[in-house]
Amino acid sequence: MEEFDEWTSLFSSSMTQVVGLTGIASMLSGSKPSISGTFMLLVVGLLIEAGRRLFPWVYKRFQIQISVTAQFHEGDPAYDWIVLFLTTEKVWRRARDFQVTAKSSRRRWGIGSKIPNQISEDEHAEYVPTFASTLPQLFRWDGYWVESKSNRYGPYQVEHPITGEMSAGASIYLKIFTRDITVLSKFVETARLRYIEINKPHVIVHICDKPEYGSKSTWTDVKSKTRRRLDSIVLEDNVLEMLLSDAREFIAMEQWYKDSGIPHKRGYLLHGPPGTGKTSTIYALASELTMEIYTLSLASTFVDDSFLQRAVSTIPKKSIFIIEDIDCAFPSREEEEEERNKEFNYYGESKAKVTLSGLLNVLDGVGSEEGSLFFATTNYVDKLDAALVRPGRIDVKAEYKLATKAQAVALFIRFYPHKHVKLEDAVTSTESSSFTLPEKAETFDQAIDRLANTFAESVPEHEFTAAELQGYLLHYKLEPKKAVQNVVDWVSRERTLREEKEKREQERKEAKAKSKSKLDHNSYASDETGLGVCLPHSLLGVKLPVGDKPPAEGGEEKNSDAQILGPEPESIQPHLVWTLF
Ligand SMILES: Nc1ncnc2c1ncn2[C@@H]1O[C@H](COP(=O)(O)OP(=O)(O)OP(=O)(O)O)[C@@H](O)[C@H]1O
């Protein structure tokens with residue numbers, strides 16, 4: 001029917017044009033149009049116009065027959081594979097319009113300015129072709145012609161799943177000239193493998209961003225971090241080895257999980273004080289297992305149950321999904337109470353909207369890919385709901401503790417590799433009086449071992465985090481001897497600072513408790529006057545004599561000294577408030 005309409009409109013417009021042209025031609029020549037001449041003109045015009053219109057129609061159908069097309073949208077991991085592939089294939093070599101940004105860990109597939117068409121590692125700026133101004137590019141790949149078209153900030157709009165808002169997002173359109181549909185999957189797989197290969201020296205971290213880009217773009221912030229080596233993490237009780245072998249076994253036993261009918265997913269909970277190496281462990285595992293990280297904070301105001309579900313469902317297989325500080329997802333009772341009073345924060349935004357059941361659904365694998373590792377970290381394991389950490393949701397728990405002496409030794413040795421530290425900065429010389437002199441001349445390693453042990457002896461066990469020790473050593477990056485000389489002073493300074501902090505904290509708590517009790521007291525004067533205002537007694541001009549018991553409900557008013565009349569505080573009801581002026 002559509003085609004019939006197309007043809008009818010084509011015929012009618014052609015006729016109009018032809019007749020019009022014929023008329024104009026005969027007027028210009030001044031001759032009377034003969035019937036046969038007019039007819040000939042009509043036929044020729046009709047043929048030309050029909051041909052002009054028919055060609056795109058035929059071409060379009062021909063193209064459909066001989067090409068396979070695909071779209072890739074920003075925010076989907078496949079988009080990154082394709083962008084990187086096209087960059088390395090030098091498809092955008094004719095680009096003349098760049099967006100230039102200072103180099104950061106935020107990943108963009110730029111091309112270098114010095115070496116044309118090369119991905120540059122050591123430059124300070126990134127040159128990313130602005131795709132909008134790049135014309136469709138035709139290139140050869142594996143014996144096929146491929147056309148790529150990009151669209152950034154263009155008319156392409158995506159709809160946000162929750163708000164329904166339309167917003168712009170980047171897309172890439174590929175057309176491979178072949179009738180064989182498997183060529184497309186071969187192309188995508190090649191792009192994926194290239195992506196993995198190029199990213200090997202890095203850990204790719206996808207961060208969940210505000211859903212401004214629309215439904216297809218949940219993980220828009222992508223960072224490329226340097227790989228974390230396993231031996232850079234110093235932990236007790238073989239925690240690291242246990243986690244690594246567990247994850248490896250889990251990945252290798254996919255078939256077993258399938259055959260047993262058990263969902264192929266594994267949850268880990270790393271808990272302990274801040275700065276003990278929880279996050280670093282996950283990064284080191286991701287580096288070792290060559291897996292990408294997807295990290296999300298449940299405290300973000302834009303994350304609610306359906307957003308969480310949607311975000312998790314777009315995490316590809318064999319990735320690591322992290323929820324940091326999972327205890328922050330749900331407010332403590334105190335916070336809940338405060339929240340109830342406020343309902344909205346100062347900016348008018350409502351607080352995090354993830355519910356426990358929403359999170360449990362996600363952990364149970366509803367809508368999420370199998371084969372992924374889930375890591376949750378927390379500083380307060382006791383705050384977590386039992387349902388959240390039950391086996392099946394959390395399979396492995398690892399406790400992180402404050403540094404032991406053995407950890408202090410290992411951290412020290414790792415901090416001063418021979419490559420960076422001069423021998424004389426480690427070996428004790430005769431003029432140095434603060435160290436016991438070794439009997440024989442020391443090698444570098446022996447000197448560092450001895451210094452590390454002296455350092456650890458001065459650091460009390462289970463009092464400092466590895467991050468704190470690292471922070472101290474950073475003051476003496478290339479001077480191990482100085483680090484040892486000053487550690488005792490540092491420890492005592494830190495202790496004093498802590499005591500002061502604890503004192504301040506205690507005072508703050510007491511002041512808070514005091515003001516709360518004052519507030520509770522004043523709240524006897526809470527408004528039920530119908531004005532919707534809650535006034536403290538001081539403003540109402542009420543004196544509350546110390547030790548005065550409020551009389552029972554319905555008690556008599558006294559008109560001399562103002563007094564509160566009402567029931568005992570325990571049974572007091574907000575509406576039973578009597579105030580006298
Ligand atoms: N066990 C450790 N071994 C080596 N380095 C460590 C260790 N623990 C902490 N660090 C160092 O301290 C810093 C902070 O560590 P990390 O972020 O992993 O701690 P965390 O336990 O995740 O803290 P938070 O609970 O605050 O997120 C990192 O730079 C890391 O290198």
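**Note on the predicted model: ligand site, cores and selected residues**

1. The shell around the ligand takes residues from both domain 3 (227-333 + 342-399) and domain 4 (405-495), so the ligand shell lies between these two domains. The domain bounds come from an automatic or database domain assignment.

2. Residues are numbered from 1 along each chain as its sequence is written.

3. The protein has 15 helices and 15 strands; these are DSSP runs (helices H or I, at least four residues; strands E, at least two), numbered from the N terminus. Of its 581 residues, 24% are buried. Buried means that 20 or more other C-beta atoms lie within 10 Å of the residue's own, exposed means 12 or fewer, and partly exposed is in between, with C-beta atoms placed from the backbone. Two residues are in contact if their C-beta atoms, placed from the backbone, lie within 7 Å. Of the contacts between residues at least 6 apart in sequence, 71% join residues at least 24 apart.

4. The ligand has 16 residues around it, and Pro-274, Gly-277, Ser-280, Ala-466 and Ala-467 come nearest. Helix 7 (278-289) and helix 13 (466-473) each contribute at least two shell residues. The shell contains 7 nonpolar, 8 polar and 1 charged residues. In this count Ala, Val, Leu, Ile, Met, Phe, Trp, Tyr, Cys and Pro are nonpolar, Asp, Glu, Lys and Arg are charged, and the others, Gly among them, are polar.

5. The largest nonpolar core has 66 residues, of which Ile-320, Phe-375, Ala-408, Phe-412 and Phe-455 touch the most other members. Such a core is a set of buried Ala, Val, Leu, Ile, Met, Phe, Trp, Tyr and Cys residues joined through C-beta atoms within 7 Å. A second, separate core of 16 residues includes Ile-82, Leu-84, Leu-86 and Phe-187.

6. Helix 12 (residues 444-458) has 15 residues, and at 1.5 Å a residue it should span 21 Å, which agrees with the 21 Å between its end C-alpha atoms. The expected span is 1.5 Å times one less than the number of residues. Buried residues in helix 12 include Ala-447, Ile-448, Leu-451, Ala-452 and Phe-455.

7. Val-459 sits in the loop between helix 12 and helix 13 and counts as buried because it has 23 C-beta neighbours inside 10 Å. Leaving aside neighbours within four places in sequence, Val-459 contacts Ala-408, Phe-464, Leu-469, Val-487 and Val-491. Its C-alpha atom is 7.2 Å from that of Lys-405, 54 residues away along the chain.

8. Val-188 belongs to helix 4 (residues 182-199) and is partly exposed, with 17 C-beta neighbours inside 10 Å. Beyond four places in sequence, Val-188 is in contact with Ala-78 and Trp-81.

9. Two aspartates deserve a check of the backbone. Asp-142, in the loop between strand 4 (137-141) and strand 5 (144-151), has a positive phi near 50°. Asp-237, in the loop between strand 10 (221-226) and helix 5 (239-252), has a positive phi of about 55°. Asp-142 counts as exposed, with 11 C-beta neighbours inside 10 Å; Asp-237 is likewise exposed, with 11.

Notes:
This is a predicted model: local features need pLDDT of at least 70, side-chain atom pairs count only at pLDDT 80 or more; totals for chains, interfaces and linings use all residues. A residue is near a molecule or strand if its C-beta atom, placed from the backbone, lies within 6 Å of it.
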